[in-house]
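Please look over the structure below before the notes. They cover the ligand site, the helix packing and the backbone.

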Amino acid sequence: MSNRSRTQIAIIGAGPAGLLLGQLLHVYGIETVILERKSRDYVLGRIRAGVLEQGTVGLLDEAGVAARLHSQGIVHHGIELVFGGARHRIDMKEATGKAVTIYGQTEVTRDLMDARDKAGLTTVYEAEGVSLHDLDGDRPRVRYTEAGVTHEVACDFIAGCDGSHGISRQSVSPAAITTFARTYPFGWLGILSETPPVAPELIYANHARGFALCSMRSYTRSRYYIQCAADDRVDDWTDDRFWDELKRRIDQEAIDHLVTGPSIEKSIAPLRSFVAEPMRFGRLFLAGDAAHIVPPTGAKGLNLAASDVHYLARALREYYAEKSSAGIDDYSRRALTRVWKAERFSWWMTSILHRFPDTDAFSARIQIAELNYLVGSRAAATALSENYVGPPF
Ligand SMILES: Cc1cc2nc3c(=O)[nH]c(=O)nc-3n(C[C@H](O)[C@H](O)[C@H](O)COP(=O)(O)OP(=O)(O)OC[C@H]3O[C@@H](n4cnc5c(N)ncnc54)[C@H](O)[C@@H]3O)c2cc1C
């Protein structure tokens, strides 16, 4: 072995989960090394989530990385629902006293990377062939290759924050894991454009031609999505075809205000629900997409990664500061309780807003009835709002 080193926590993956965990643990005085398979620029180039729950913002505050978020993020107090050609607002602030903040995942990632650099903490990008060893003993180890040289990091614990296709979950015997999954029979075609948002808040549309979402990343950058066939390819969709289809699914006021422009990113995301239980295996903890996936309808993926990290960081602080294993022993149960709430909400939002292959006239009417109930009942609007702004950690 060419290079051996030691740290307290080896973190696999420099997505939001791994970077936020690293930063919080740094604040708590716990040492970490992060191993990331891709380059820094590749990680920063991935266009993904953009809606942050208040709890996530609080955690970024605690990690000391929220200055830019507070100056550039856009606070939203409500969302709009379009169905039957009309638009209705859900006032989340009135219902819950809470709000969400629009700030792109790429920006969260950049702030966390910058803070890690400033603190002089170790992140190995383009770490190849990461492998996990001795998860059941007291001295787990992680191996990787960098520029042809093999390295070994000994540690107390490993945090598997390496997303749904990472190595961490795959390193556990399949017999030790129970998985729960649902694949939805459609995808989301998304485009990012340098155009002002069509409305001050997000618009979620239920339409006979399929779901649409008008979202944003800033006052000058918009993100739009339309439900598409699961086997559609990005090349099938010119920008003009996308804008025409979006206009068919939104209300007249939105059509009148829509500013179109060339896409600067265009991609299709499959929709999937997935949970792996438990989230701890000996000295390995899973956090974020490594343990669970939600369809993006409820804007929960990044926020769930943050809540996992909240539980895990506190549990590890308790372990080192108080010599207590109570927090780490309870991590999986606590995280999964919140995960399943978000899984339910994301599944439900997906169910009421999309056209499924078996959506017949009856189920389309039931969707409209449910949406009418949401906008007409304070109790129903509160239930949606509580979930959208995020249950407490
Ligand atoms: C295409 C797409 C669009 C999305 N859109 C939205 C959205 O609109 N709204 C929303 O709320 N959520 C969205 N999500 C979900 C959200 O982005 C994720 O929930 C969030 O990124 C989870 O963070 P994470 O750190 O757990 O995982 P990730 O962001 O996936 O980070 C995992 C990291 O681990 C690295 N890695 C993987 N394997 C290895 C390995 N073997 N060794 C070392 N490193 C490894 C990866 O390169 C990656 O950097 C989207 C997800 C995808 C894939």
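Of the 28 residues around the ligand, which come nearest? They are Ala17, Glu36, Arg46, Gln105 and Asp289; a residue counts as near a molecule or strand if one of its heavy atoms lies within 4 Å of it. This is a predicted model, in which local features need pLDDT of at least 70, side-chain atom pairs count only at pLDDT 80 or more, and totals for chains, interfaces and linings use all residues. Numbering starts from 1 along each chain as its sequence is written, and side-chain values use heavy atoms, with hydrogens and water left out.

**Ligand contacts**

- Polar contacts are pairs of N or O atoms within 3.5 Å; within protein, one must be able to donate a hydrogen and the other to accept it, and residues adjacent in sequence count only if both atoms are side-chain atoms.
- The side chain of Asp289 places an N or O atom 2.7 Å from an oxygen atom of the ligand.
- A polar backbone atom of Ala17 is 2.9 Å from a ligand oxygen atom.
- Pro16 has a backbone N or O atom 3.2 Å from an oxygen atom of the ligand.

**Helices α10 and α11**

- Helices (H or I, at least four residues) and strands (E, at least two) are DSSP runs, numbered from the N terminus.
- Helix α10 (residues 301-322) packs on helix α11 (residues 326-353) at an angle of about 165°, with the axes 9 Å apart.
- Axes are lines fitted to C-alpha atoms, for helices over the stretch in contact, and angles run from 0 to 180 degrees between N-to-C directions.
- α10 and α11 are therefore roughly antiparallel; angles under 35 degrees count as roughly parallel, over 145 as roughly antiparallel, 65 to 115 as roughly perpendicular and the rest as oblique.
- The contact (heavy atoms within 4.5 Å) includes Tyr311, Leu312 and Tyr319 of α10 and Tyr331, Arg334 and Arg338 of α11.
- By class, the residues of this α10–α11 contact are 12 nonpolar, three polar and four charged.
- Ala, Val, Leu, Ile, Met, Phe, Trp, Tyr, Cys and Pro count as nonpolar, Asp, Glu, Lys and Arg as charged, and the others, Gly among them, as polar.

**Other helix pairs**

- α11 and helix α12 (residues 361-376) pack at about 120°, with axes 8 Å apart.
- That angle makes α11 oblique to α12.
- Trp348, Ser351, Ile352 and Leu353 of α11 meet Gln367, Glu370, Leu371 and Leu374 of α12.
- Helix α1 (residues 16-27) and helix α3 (residues 54-62) pack at about 50°, with axes 9 Å apart.
- α1 and α3 are therefore oblique to each other.
- Leu20, Leu24 and Val27 of α1 touch Leu59, Leu60 and Glu62 of α3.
- The α1–α3 contact has five nonpolar residues, no polar and one charged.

**Backbone points**

- Most residues other than glycine have a negative phi, and most peptide bonds are trans.
- The Glu277 to Pro278 peptide bond is cis, with omega near -10°.
- Pro278 sits in the loop between β18 (263-277) and β19 (280-281).
- Ala299 is not a glycine, yet has a positive phi of about 55°.
- Ala299 lies in the loop between β21 (292-293) and α10.
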